[in-house]
Amino acid sequence: MEKKKNNQPAKKSELKKEQTPKKYTNYPSIVDHSSEAQAKWAPWVRQGLWDIKGYRIVKGPAGGGTIDDSKMNLKEFMVIDRSEACLYSHSYGLVSLFFLGLLHGKLKGTKCPKCGTVYCPPRAHCWNPACKVEETKWIDMPLTGIIHTFTVQCLAAAPFEHMLPFSLGWVQVDGADTAICTMLHIPYKDMFIGQKVRMEFKPQKERKGDLMDMYAVAIPGQELPAWAVLQRDKQQLKMLDEATSATSRFIKNRYGLDNSNRGW
Ligand SMILES: [Zn+2]
């Protein structure tokens, strides 16, 4: 075996030579093509990624087993087309009925026939390991529930930015074992965990068959509970007031929209 020749620490002069960065001259001049492209993409990113252009109902094979088995089990699926930025159609698959329900102002959930777990939003199959992926059954859900938790948003993904500031909540619909994420049309000063809410739908013409068709409002006449700490923390409320006011000003500058007086 060859003996390692240089296991001595490097001399000071060698180190200095290696650590000195090379000096470059004659940088190429950079032409900015990206800002122009970004300006063209911005409206697509904002609307195209989320906005639904339309939907169709298609009939197709479903379920497990062989392909021939699934052809014997035809089901209806809701396929949606998003705007120009998305070049493909998107099927809601086995939970299509939930989104069709939203279009008609109805809230649907699913229930496992084995263990009785109620899912809203729906799951096509039970995730209780004891049920071994049992297929669930559709049930109608009531339009009432409670806020499990919530957040006040001053930042959002591009398609939702123009709606800022807004609040999102996880709402446990009455009878459900899971919670659904939804917009809260409630002023954050009145909002608390455990608050009773009612699910409402946008006017029929504005519904598109997605989660944004629905939002929650507070059921009036509820006492502020002892655990509603936000309302008692003056400093936190002040911080939220400043953050949401600044966000509203930003949205007004960027989109010309006044989101400060929506009442929620
Ligand atoms: Zn189950």
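Two strands count as paired if DSSP finds at least two bridges between them. Helices (H or I, at least four residues) and strands (E, at least two) are DSSP runs, numbered from the N terminus.

This is a predicted model: local features need pLDDT of at least 70, side-chain atom pairs count only at pLDDT 80 or more, and totals for chains, interfaces and linings use all residues. Residues are numbered from 1 along each chain as its sequence is written.

**View 1. Strand 1 pairs with strand 2.** Strand 1 covers residues 52-61. Nine bridges join strand 1 to strand 2, and the two run antiparallel. Strand 1 is hardly covered: of its ten residues, one is buried. Here a residue is buried with 20 or more other C-beta atoms within 10 Å of its own, exposed with 12 or fewer, and partly exposed in between; C-beta atoms are placed from the backbone.

**View 2. The whole protein.** Five helices and eleven strands make up the secondary structure of the protein. Of its 264 residues, 18% are buried.

**View 3. Helix 4 and its cover.** Helix 4 spans residues 96-103. Its buried residues are Ser-96, Phe-98, Phe-99, Gly-101 and Leu-102. Strand 2 (74-82), strand 4 and strand 11 are among the elements that cover them. Gly-105 follows helix 4, with a positive phi near 70°.

**View 4. The largest nonpolar core.** A nonpolar core is a set of buried Ala, Val, Leu, Ile, Met, Phe, Trp, Tyr and Cys residues joined through C-beta atoms within 7 Å. The largest one has 25 residues. Cys-120, Val-171, Val-173, Leu-184, Met-191 and Ala-216 touch the most other members. At least two core residues each come from helix 4, strand 7 (144-153), strand 8 (166-173), strand 9 (180-184), strand 10 (196-201) and strand 11 (214-218).

**View 5. The surroundings of Leu-184.** Leave aside residues up to four places away in sequence, and Leu-184 touches Phe-150, Ser-167, Leu-168, Gly-169, Met-191, Tyr-215 and Ala-216. Leu-184 belongs to strand 9.

View 6. The order is 5-4-6, and the pairing is antiparallel. Strand 5 (118-119) and strand 6 (137-140) stand at the edges with a single partner strand each, so one side of each has no neighbour in the sheet. Strand 4 (residues 108-111) is joined to strand 6 by four bridges. Lys-108 stands opposite Asp-140 in strand 6.

**View 7. The loop between strand 5 and strand 6.** Pro-121 lies in this loop. A cis peptide bond joins Cys-120 to Pro-121, with omega about 15°. Lys-132 is in the loop too, and its phi is positive, near 50°. Val-133 also belongs to the loop; its phi is positive as well, near 55°. Most residues other than glycine have a negative phi, and most peptide bonds are trans. Lys-132 is exposed, with 9 other C-beta atoms within 10 Å. Val-133 is exposed, with 11.

View 8. Leu-164 and Pro-165 are joined by a cis peptide bond, with omega about -10°. Pro-165 sits in the loop between strand 7 and strand 8.

Key. Two residues are in contact if their C-beta atoms, placed from the backbone, lie within 7 Å.
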